[in-house]
Amino acid sequence: MKQHYPSRVLLSEVSGHLPQQLELFALVNLGLVQSLASGVLTPTEAVERFYHADNCLYVRNHFRKKEANAIMSRGIQLPDLFECLAAEAARREFYHELEAIRALCLKLLDKRRSPRVADRAVA
């Protein structure tokens, strides 16, 4: 029997064109990183709500971007850090993984920006 989580996000239910979906994906992940870093969300809750198998498969088959796939791979493994590493090492690796996810999200968003928007941001 499939469990239902009230705040579970299914990427397959998000409408819009692929570039818009990918941008939303990156922005949602940036919010998840912040929520995880601040302790609002636990790694297990993040997997239950977003980094679950349905979304991992959707990202792999629909987005077909190595950065997006890497984000999901890193996200789904976050709870495992605390099961296989000592507390201090797990905490260090946890923050390292969050930073890697954040960098991948920014890379995805940067690819979405037009050169004119990037030039205005610098000016």
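Guide: We start with the whole chain, then look at the rings, a helix pair and some charged side chains.

Keep one thing in mind throughout: this is a predicted model. The protein has 7 helices and 0 strands. Read from the N terminus, the elements run α-α-α-α-α-α-α. The chain holds 123 residues, and 32% of them are buried. Now take the contacts between residues at least 6 apart in sequence: 68% of these join residues at least 24 apart.

On to the rings. Across the whole structure, a search turns up 6 aromatic pairs. One of them joins Tyr 58 to Phe 63, with 5.9 Å from centre to centre and 80° between the planes. Is this pair stacked or edge-to-face? Planes over 60 degrees apart count as edge-to-face, so Tyr 58 and Phe 63 are an edge-to-face pair.

Are these two residues buried or exposed? Tyr 58 has a relative accessible area of 16%. For Phe 63 the value is 4%. The cut-off for buried is under 20%, so Tyr 58 is buried, and Phe 63 is buried as well.

Compare a second pair, Phe 94 with Tyr 95. Their ring centres are 5.2 Å apart and their planes stand at 70°, so this pair is edge-to-face too. Look at how accessible each partner is. Phe 94 is buried, at 5% relative accessible area. Tyr 95 is partly exposed, at 39%.

Return to Tyr 58 and Phe 63. They belong to one aromatic cluster, together with Phe 25, Phe 50 and Tyr 51. Tyr 58 has another neighbour to find, Ser 12. The C-alpha atoms of Ser 12 and Tyr 58 are separated by 6.5 Å. Along the chain, the two residues are 46 residues apart. Ser 12 sits in the segment before H1. Its relative accessible area is 48%, so Ser 12 counts as partly exposed.

Phe 25 is part of H1, where Leu 22, Phe 25 and Asn 29 meet Ala 68, Ile 71 and Met 72 of H4. Sort the residues of that contact and you get 5 nonpolar, 1 polar and no charged. How do the two helices lie against each other? Two packed helices are described by the angle between their axes and the distance between the axes. H1 covers residues 18–38, and H4 covers residues 66–76. They pack at an angle of about 30°, and their axes are 11 Å apart. The crossing of H1 and H4 is left-handed.

Last, the charged side chains. Side chains of opposite charge can pair when their charged atoms come close. A search of the whole structure finds 6 salt bridges. We will visit helix H6, which spans residues 87–112.

Begin at Glu 88. Its side chain meets that of Arg 91 in a salt bridge, at 3.3 Å from N to O. Glu 88 is partly exposed, at 44% relative accessible area. Arg 91 is partly exposed, at 46%.

Glu 88 also has a salt bridge with Arg 92, at 3.9 Å from N to O. The limit is 4 Å, so this N-to-O distance counts. Arg 92 and Glu 88 lie 4 residues apart in H6, about one turn of the helix. At 53% relative accessibility, Arg 92 counts as exposed.

Arg 102 is partly exposed, at 33%. Glu 99 is partly exposed, at 41%. Back at the other bridges, shared partners join Glu 88, Arg 91 and Arg 92 into one network.

Notes
Residues are numbered from 1 along each chain as its sequence is written. Side-chain values use heavy atoms; hydrogens and water are left out. Rings of Phe, Tyr and Trp (its six-membered ring) pair if their centres lie within 6.5 Å; planes under 30 degrees apart count as stacked, over 60 as edge-to-face and the rest as tilted. Buried means under 20% relative accessible area, exposed over 50%, partly exposed in between (1.4 Å probe, protein chains only). Axes are lines fitted to C-alpha atoms, for helices over the stretch in contact, and angles run from 0 to 180 degrees between N-to-C directions. Helices (H or I, at least four residues) and strands (E, at least two) are DSSP runs, numbered from the N terminus. A crossing is left-handed if the near helix is turned anticlockwise from the far one by less than a right angle, and right-handed if clockwise. Contact means heavy atoms within 4.5 Å. Ala, Val, Leu, Ile, Met, Phe, Trp, Tyr, Cys and Pro count as nonpolar, Asp, Glu, Lys and Arg as charged, and the others, Gly among them, as polar.
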